[in-house]
Structures are given as structure tokens and as C-alpha cells.
Amino acid sequence: MPNTADVIIIGAGVHGASLAFHLAQRGVKPIVLEKDFAGAGATGRSSGLVRMHYDVRQDSELAWVSFGYFRNWTERVGGESGFTRTGFLQIVARENEAALRKNTAMHQDTGIASFLITANDVKRLVPSFVTDDFDVAAYEPESGYADPSATTASLINAAKDKGARIVQDCAVTGVIVKSQKVKGVQTLQGDYFAPVVVNAAGPWAAVLNEMAGLDLPYTTWRHDTMFVGRPKEMGPSHPTVIDFPNEMYFRPETGGLMLVGLEDGNPLGDSPDGDTDHAIKGFVERAIERICQRVPIMENSYLHTAHGGYDGITPDQHPLLGQAGPDGFYLQCGMSGTGFKIAPAVGLCMSELILDGEAKTVDISIYRPQRFVEGKEITGNYESIWH
Ligand SMILES: Cc1cc2nc3c(=O)[nH]c(=O)nc-3n(C[C@H](O)[C@H](O)[C@H](O)COP(=O)(O)OP(=O)(O)OC[C@H]3O[C@@H](n4cnc5c(N)ncnc54)[C@H](O)[C@@H]3O)c2cc1C
């Protein structure tokens, strides 16, 4: 296999896969170098929520453009993303109602199908939910969840059909720079050369940034999830929910299961190579207590499985997107626990940035890696999500 390409992408998570897909669509021939196998990192552990509710306009725009792909996956990409429409509810405590209203108005302005509904409406939708701790919720009837592994595999397959290549079991061990320009990478399978190298290495991205001489604020975020049985009284399905008062999210899963994740107690700074086959001690007990607060009949449930995953996270919990360091070195990392649902649009915008000098689909300049030294961290209408 020739060891030259138009673009080298480090990492075959959903972001590397999306970029490869969009570059290949434009006739560019990228090569994706993956140390393990496609989807082995954050992507393979992702809960797959697909919703547009964010408190920063560009985040919602990226999710909305991506939603157009999820909704028409077979036509736009080919294969399957496993998108399942459940409807989505964003529940916030009364003190966050003003922010919820502001965000929903922004979503509607963006064109997103999002509405404010009352606590009584939520009760009508899902009688098993406790609804006495909030007055209004945001409802996205079209949202739901998808299958991150299937999404990644179909993006890779579509990219390969258009001339992209992927080399798995190929860890990048160095970035080759000459005269301030990136020339390629060193790997355990030899050197590869390209005028553009993109760091899409998820929770491992800090190591690659250092190899390129970059000093950026970046750490890891650990997140556990559990699958529990859904009592028959809940019916065949229920909306996907982000429940701020209980610092939790949950969604239905096939096989009569429910997936639950917590927004607090997610350790920062651990090695991304830690054990992800098991959840950390105490997580399951906390998650069961939390889900029973919103859905008391979950007391009749049972534990199916629990496991963990790692993502890359930045101080403002937003991605690093753009050029940084040597000429030709780009970042598409730091997805901060919410990067799955935006991946189709981020890959598109990054392909525009690399090929045209500017992203046209969504203005991604707020995510530029230089924002931290410029004192321009991204802030939204809610307090920080993950802690
Ligand atoms: C448990 C969990 C639940 C989540 N739930 C959601 C959700 O519901 N909705 C949502 O939108 N987001 C969610 N996220 C976030 C989302 O999954 C991630 O933001 C997204 O998957 C990141 O994709 P990525 O391609 O950037 O990184 P990854 O999927 O981690 O991919 C990076 C790849 O780079 C490879 N790599 C690393 N170093 C090297 C190297 N030196 N050489 C070659 N290859 C290398 C890795 O092996 C890996 O395959 C969740 C994350 C976790 C952990």
C-alpha cells in the first residue's frame, strides 16, 4: 500500500470517519490510521443520543445539520446509523426555566422542531414520570438515538467506496514536521506522508498534540452507563430524556432495556487506557437511586450491564476544531462527552475548512484551538454540563 495520501486522519472514531467520508465525497483521498479498530474509543461506548437542545447556537446548528444525515442516513451515506426516533425531553429545574425558554427560542429560530410543553403534557406523554419538580420542558418530537458503531462503520465504508483508505492496528507514534510544515506521521507500521494531518484521536488526542509541539488545555473525561430492564408498565418505549434536576439522562434501548448515564461524578484526568468493561464502584447504586426519583416504577427493574468510556474534554467543554501548530496540522478532537450527534456536520465543516480555507455550512470559528490563549472560552446559558 503506498504510504502517501492527500490527508492523514489519526483515529477512526466517528469523527475521523466523518471527516474521511466528507473529504472522499470531494474527491480527496484520505488515509485513516487507527491504533486499534474503528470505533474502539469513545465512539464504541457512546450512548448515541441524537438531540438538538444545546445552549450555544453553533452547537445546535451542528446537531441540526447532522440530524439531516441521521434522518436520511441510507440516502446520504449508505448503510445504517441505527437512528431510532423516540422524541426527546429536556427537563430543567424551575431556576433554569428562563435559560430553557431562551434556548428553545434559539432552536426554533434555527429551524429545529423544538417546543415548550407543560409538566402536565409530559405526564400525558409518559404517565410513569414524576413531574412535580418542574413547570415546563423542551420537547423535540423528531429526536432520539442512533448506533455509534454502525454510524462509524457506514461512514468508513462509504469513504472507502470513494477512495479513502483505513489502516487499523496502526498506532501513530510521532508527527513529522519540517520547516514549520507537517509532512506526515511515524507509526508502528512505518512512516506515512501527507501535507495535511488531522488529530481525531479522541481521549488520546493530547499525546498527538504534544507530538506536534502543541501545548493546549486538554484532559480526559470518564463516563459510565448502565442498562436496566424496563418494567412492562412503561409500555413499548418512552422519550429520550436529559433530566437536569437529577443530573442524569436516559433513553430506551432494544430488548426491553433502558440506558442511564449520570452527569455528575465523571472523573477527569484518568488514563484513557483504563478499564471500560466495568463501571466504577458506586456508579450503579447512584444511577439506580437517580432513575427511581424520576421514574419510581423502575424500582421493579433489574440490572442488565454497566460499563464505562473516555472522551477528550477541554476547559469549556467544547471541541477543538481548526488548524494549530505546524502548517497543515488540524484538530478535530475534545468532543467533551457530546460529540457523537454532531459528527456528520463537524466532518463536513472540517472538510470545508481544510479544502476551502473556511467552513461554510456552520461557522465553527468559535471552536478554534487558540480561544483559550485569547481568553475567548465558550459559554452558554446553562451552568457547565459535566462535573
Ligand atoms: C460513555 C459515553 C457516552 C456518550 N454518550 C454520548 C451521547 O449520548 N451523545 C453524544 O453526542 N455523545 C456522546 N458521547 C461522546 C461521544 O461518544 C464522543 O464525543 C465521540 O464518540 C468522540 O469521537 P472521536 O472520534 O472524537 O473519538 P474516539 O471515538 O475516541 O476515536 C478516537 C480514535 O483514535 C484512535 N487513536 C488514539 N490514539 C491514536 C494513535 N496514536 N494512533 C492511531 N489511532 C489513535 C483511538 O483508538 C480511537 O479509535 C459519549 C461518550 C462516552 C464515553
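How many aromatic pairs does the structure hold?

Reply: The structure holds five aromatic pairs, where rings of Phe, Tyr and Trp (its six-membered ring) pair if their centres lie within 6.5 Å, and planes under 30 degrees apart count as stacked, over 60 as edge-to-face and the rest as tilted. One of them joins W64 and F67, which are stacked at 5.9 Å centre to centre with 10° between the planes. Both residues belong to helix 3 (residues 57-71), and because they are three residues apart there, about one helical turn separates them; helices (H or I, at least four residues) and strands (E, at least two) are DSSP runs, numbered from the N terminus. W64 is partly exposed at 22% relative accessibility, whereas F67 is buried at 0%, given that buried means under 20% relative accessible area, exposed over 50% and partly exposed in between (1.4 Å probe, protein chains only). Another pair, F70 with F340, is tilted, at 5.4 Å centre to centre and 50° between the planes. F70 lies in helix 3 and F340 in the loop between strand 20 (329-333) and helix 10 (343-356), so this pair ties together parts that are 270 residues apart in sequence. F70 is buried at 2% relative accessibility, and F340 is buried at 7%. W64 and F67 also form one aromatic cluster together with F83.

As to the basis of these values, this is a predicted model in which local features need pLDDT of at least 70 and side-chain atom pairs count only at pLDDT 80 or more, while totals for chains, interfaces and linings use all residues. Residues are numbered from 1 along each chain as its sequence is written, and side-chain values use heavy atoms, with hydrogens and water left out.
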